Amino acid sequence: MRFKDVFSIIGPAMVGPSSSHTAGAARIGRAARQLLGEMPQKAEVIFYGSFAATYQGHGTDRAIAGGLLDFPTDDLRLPDSIGIAEQDGMDISFRQGAGLFPHPNTVRLRLAGSGGELTLTGISIGGGNIEIVEIDDFSVKLSGMYPTVLIHHMDYLGVLASVTDTMRRGQVNIGHMSLDRKNRSGAALTVLELDEMLAPELLSELEALPAVKSVKLIHLDESPKEEKGKGKTS
Amino acid sequence: MNFQTLSQLANLAEERALSIGALMVEEQSAESGRSAEHEFAKMKEYYGVMKEAVRRGMQENTTSRSGLTGLDAQRVGAYNAENESCLGGPASQAMAYALAVSEVNASMGRIIATPTAGSCGIIPGVFLSCQERFGWDDDVMTYGLFAAGAIGYVIANNSFVSGAEGGCQAEVGSAIGMAAGALTELRGGTPVQAVHAVGLALKNTLGLICDPVGGLVEIPCIVRNGFGAVTALAAADMALAGVRSVIPSDEVIKVMLEVGSAMPEKHRETAGGGLAQTPTGRKIMEDLRQRRK
């Protein structure tokens, strides 16, 4: 099922004008921000398809910038996010991409921070719902609807068993899972979408596993709150 | 969710002797692992955002950044106050409220995507106008939103709800179907009648292309939300009167998928065809491009 629950249909609460081109784009940007673990110093944003044709009118560029600032979809600062990003020292650029792309609403992000780099491809499938389909040249499939753990590891026998065993001992249920590897016994990325957030001690356990290189989290918590953002609406 | 089609949804509701809305509260709670109370409260907050969007759209300046749209809801409201409208008061009110929310959206205000931002006016327009008219409380309206969500869940997973994938039929069409089915239930219709309302409504928007002028969610999106609210009222009335969708609603959803998949890219939210490429549409786009420089 592409759409998982009632709030993927009624929702999100968001700043207009487009759920796919604004809210979905903001979520993709925010997922990338969380994966990078910091505000990017440099962000190259490449739009494809309908995103490329209409991103200025839909505020897709502002939405991506807002996401990279970790703003939720209904943050009233979103319309002014490019200026805020630049003030905060982010070097952000936007362009239209060429070549093949997986969905009419596709964006590729190339990010660089003080601690590392990240490439990510996201698609916006409607109503603000997204899929991240590529991270650092690994094929992945994640929606951002659930707390998500991304484990960079080596493709050795038993790594997955150790990971799932850690989850079992921590009583955390795995809803969706994907694994991709660059080559046999090479670098691999496992993505777990969980029914609840991982406790810090479980995270440390995962990081301590022999073949694991790094563990990252995405959690796009968007429970409605009273007033978010200091910017005024137009 | 324990249903994938509208007929399964209606059967499940009747088996468990629940309204579609009440059934969806239970199903949502089971899916999310959070309590029914928590999920209900979240949806009720969303309804509050919808009400605020209607209020803003009817009272505040909603001129969009492009300057192309805004304040049409207030024009309709003022006209309704001073004239006997062709539609009659309640339907005119639903239309005005739907325009109001869509104009708030176009001016980068806060709305709830239902199912998308491009179609965000229809459900609030129908819901708020009917709430005022029939005296329902917010809890009743919240169950109505769960019913609309259940219907939209089936449409989205069997077809699509984005203009870039399936044209405007997937956005405005889906929203009309959701509003019509939910309103049928709120007015005392059975789950089967609610499902008929969905099919009746969807048939009326099959083939509608997504051709936003300048790529903006303004022209023709905003007025289509106004029309959509009126159509939803009509579909609910037909279903409540006993009119059936002879082609079952689930089959109509499949037609939406077929038609949308066959739609050329220029008619799927790229501003490459339709109203966007009329002489006037092109001129507006060129003006916007010049202004951005």
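Visitor: How many residue pairs are in polar contact between domain 1 of chain A and domain 2 of chain A?
Guide: Keep in mind that this is a predicted model. Chain A splits into domain 1, covering 7-142, and domain 2, covering 148-218. Salt bridges between these domains number zero. For residue pairs in polar contact, with both residues at pLDDT 80 or more, the count is two.

Visitor: Which three residues of domain 1 of chain A supply 53% of the area it buries against domain 2 of chain A?
Guide: The two domains bury about 1100 Å² between them, and 68% of that is on carbon and sulfur atoms. On the domain 1 side of chain A, one trio supplies more of the buried area than any other three residues. Those are A:Leu35, A:Phe138 and A:Leu142.

Visitor: Which element gives the largest share of the side of domain 1 of chain A that touches domain 2 of chain A?
Guide: Two elements of chain A give two or more residues to that side: helix H1 (19-36) and strand E7 (138-142). The largest share is five residues, and it comes from E7(A).

Visitor: What about the two chains: how much area do chain A and chain B bury between them?
Guide: Here the contact takes 45 residues from chain A and 52 residues from chain B. Of the area buried between chain A and chain B, 57% is on carbon and sulfur atoms. The area itself is about 4000 Å².

Visitor: Which residue of chain B meets A:Arg2 in a salt bridge?
Guide: The interface of chain A and chain B has two salt bridges, along with 16 residue pairs in polar contact (both at pLDDT 80 or more). In one of the salt bridges, the side chain of A:Arg2 has a partner at 2.9 Å, N to O. That partner is B:Glu165.

Visitor: Which element gives the largest share of the side of chain A that touches chain B?
Guide: Strand E1 (13-15), H1, helix H2 (49-58) and strand E5 (117-126) of chain A each supply at least two residues there. By class, that side has 18 nonpolar, 17 polar and 10 charged residues. The largest share, six residues, comes from H2(A).

Visitor: And what is the bridge partner of A:Met14 in E1(B)?
Guide: E1(A) pairs with strand E1 (residues 110-112) of chain B in the antiparallel sense, over three bridges. Look across from A:Met14 into E1(B), and the bridge partner is B:Ile111.

Notes. Residues numbered from 1 in each chain as written. Chains lettered and ligands numbered in written order. Predicted model: local features only at pLDDT ≥ 70, side-chain atom pairs only at ≥ 80, totals over all residues. Heavy atoms only, no water. Domains from an automatic or database assignment. Buried area = accessible area lost by both parts, 1.4 Å probe. Salt bridge = Lys/Arg side-chain N within 4 Å of Asp/Glu carboxyl O. Polar contact = N/O pair within 3.5 Å; in protein donor to acceptor, adjacent residues only side chain to side chain. Helix = DSSP H or I, 4+ residues; strand = E, 2+ residues; numbered from the N terminus. Contact = heavy atoms within 4.5 Å. Nonpolar A, V, L, I, M, F, W, Y, C, P; charged D, E, K, R; others polar. Pairing = 2+ DSSP bridges.
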